[in-house]
Amino acid sequence: MILTGNEIIKEQRKGNITINPFCVSQINPNSYNYRLGNTLKVFYKFDGNKAFFRKIKIPKNGYILKPKKVYLANTKEVIGSSKYAMSLIGRSSMGRYGLFLQASANLGHTTSKHKWTLEIVALLPIRLYSGMIIGQVSFWKNFGVVKKYHGRYGSLNYPQESFLPVEKKQNI
Amino acid sequence: MILTGKKIIQEVQKNRIEISPFNKKMITTNSYDLLLGNTIIRYKSKILDPKRRPLFEEMTIPKKGLILKAGDFVLGHSSEYLGSDFYVPIIHGKSGTARMGLFVHVTADLIDIGSHGRITFQLHATIPVRLYPGMPIAQVSFWVPKGDIVLYKGKYQHSKGPMSSMTYKDFNK
């Protein structure tokens with residue numbers, strides 16, 4: 001079951017959902033509108049093993065994304081839940097511009113809590129502003145016993161590029 | 001919880017789900033197939049700026065189809081008018097569409113409860129593809145909400161065709 005906006009407010013007040021800062025006006029009928037943080041990381045080279053990203057601070061008058069590039073960013077808010085699973089996506093107003101906010105990895109694990117990394121791809125050149133409302137997160141009821149998330153990304157508060165393939169090597 | 005196809009039929013009959021026109025043949029095990037309407041929008045602005053109203057042109061998809069080139073991005077729409085005040089719709093591509101490298105939305109699959117209208121498809125081709133008006137292109141599933149419902153009253157309510165982004169309205173508040 002997906003939580004309605006009213007239920008998200010209730011659960012946030014009880015501490016079962018963390019959204020910080022939280023603003024009631026950003027509640028939708030069944031999700032919460034999150035904002036873009038102030039930092040981007042843009043891909044610039046691949047050394048055959050690992051992708052490298054350069055950090056960019058978004059200026060006041062915005063930053064123009066070029067098509068066919070991958071940018072990492074983060075949500076302005078710390079988002080998480082000890083009780084619900086999450087799905088974090090772009091808002092339809094940004095999808096209508098051809099802006100991907102995540103590359104097919106929308107699922108947020110129960111008990112993770114952080115500023116989410118966004119994987120941004122623009123299909124058309126677009127100007128993004130720091131702090132703008134850019135996507136939405138929904139909360140889903142679990143079925144079964146919750147085991148705490150022990151992943152490497154679930155507590156990071158900045159745009160974090162992939163730990164792969166280093167992660168993979170360690171597992172062999 | 002996701003509704004089964006049979007449950008979707010029942011809820012359409014009880015007017016708790018709106019799908020118009022409704023055709024039982026388009027029901028699948030867990031969803032309803034949506035057809036592509038005949039209008040598309042292509043942006044003309046050199047750089048999209050969420051603070052400004054974007055420039056775009058509208059086109060009719062010819063009967064013989066319209067070819068999208070690899071990398072193209074246009075807005076299309078469902079020929080069905082749909083929505084629900086009781087369930088949360090989620091839009092998906094049909095697997096047959098995805099196998100042609102065609103995206104039907106760009107990370108925005110979630111529809112607000114209480115939103116009624118024709119769905120705007122965010123069509124992105126990764127390889128060349130020919131689109132025909134009336135082709136089955138997407139599907140909608142319906143999910144059970146938990147909590148008190150406040151219905152959608154947003155800026156895209158009652159869309160009749162593809163709607164370009166209206167983010168400039170957020171900044172002018």
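Is B:Asp33 buried or exposed, going by its relative accessible area? B:Asp33 is buried, at 9%, where buried is under 20% relative accessible area, exposed is over 50%, and partly exposed is in between (1.4 Å probe, protein chains only). The views below all come from a predicted model, in which local features need pLDDT of at least 70 and side-chain atom pairs count only at pLDDT 80 or more, while totals for chains, interfaces and linings use all residues. As for bookkeeping, residues are numbered from 1 along each chain as its sequence is written, chains are lettered from A and ligands numbered from 1 in the order in which they are written, and side-chain values use heavy atoms, with hydrogens and water left out.

**View 1. B:Asp33 and its salt-bridge partner, B:Lys94.** The closest N and O atoms of this pair sit 2.8 Å apart; to count as a salt bridge, a side-chain nitrogen of Lys or Arg has to be within 4 Å of a carboxyl oxygen of Asp or Glu. B:Lys94 is in the loop between strand S7 (88–93) and helix H2 (95–98) of chain B, and B:Asp33 is in strand S2 (residues 32–35) of that chain, so the contact ties together parts that are 61 residues apart in sequence. Helices (H or I, at least four residues) and strands (E, at least two) are simply DSSP runs, numbered from the N terminus. B:Lys94 is partly exposed, at 22% relative accessibility. A search of the whole structure turns up 14 salt bridges over all chains.

**View 2. B:Lys44 reaches B:Glu57.** Here the N to O distance of the salt bridge is 3.6 Å. B:Lys44 lies in the loop between strand S3 (39–43) and strand S4 (56–60) of chain B, with B:Glu57 in S4 itself, so the pair links parts 13 residues apart in sequence. B:Lys44 is partly exposed at 48%, and B:Glu57 is partly exposed at 30%. Elsewhere, salt bridges with shared partners join A:Glu7, A:Lys10 and B:Lys146 into one network.

View 3. A:Glu11 is buried, at 1% relative accessibility, whereas A:Lys14 is exposed, at 57%.

**View 4. An open sheet of 3 strands in chain A.** The order is S2-S7-S11, and the pairing is antiparallel. S2 and S11 (113–114) are the edge strands, each pairing on one side only. Two strands pair if DSSP finds at least two bridges between them: S2 (residues 17–20) and S7 (residues 78–81) have 4, and S7 and S11 have 2. Look for A:Ile79 in S7, the bridge partner of A:Ile19; A:Ile79 also stands opposite A:His114 in S11. S2 has a covered face, A:Ile17 and A:Ile19, and an uncovered one, A:Thr18 and A:Asn20.

**View 5. A nonpolar surface patch made by A:Phe43, A:Phe46 and A:Val70.** The patch covers about 270 Å², with accessible areas from the Shrake-Rupley method (1.4 Å probe; for residues, only the protein chains shown count as cover). Patch residues have over 30% relative accessible area and no salt bridge; like charges are joined within 9 Å, nonpolar side chains (Val, Leu, Ile, Met, Phe, Trp, Tyr) within 5 Å. A:Phe43 belongs to strand S3 (residues 32–46) of chain A and is partly exposed, at 32%.
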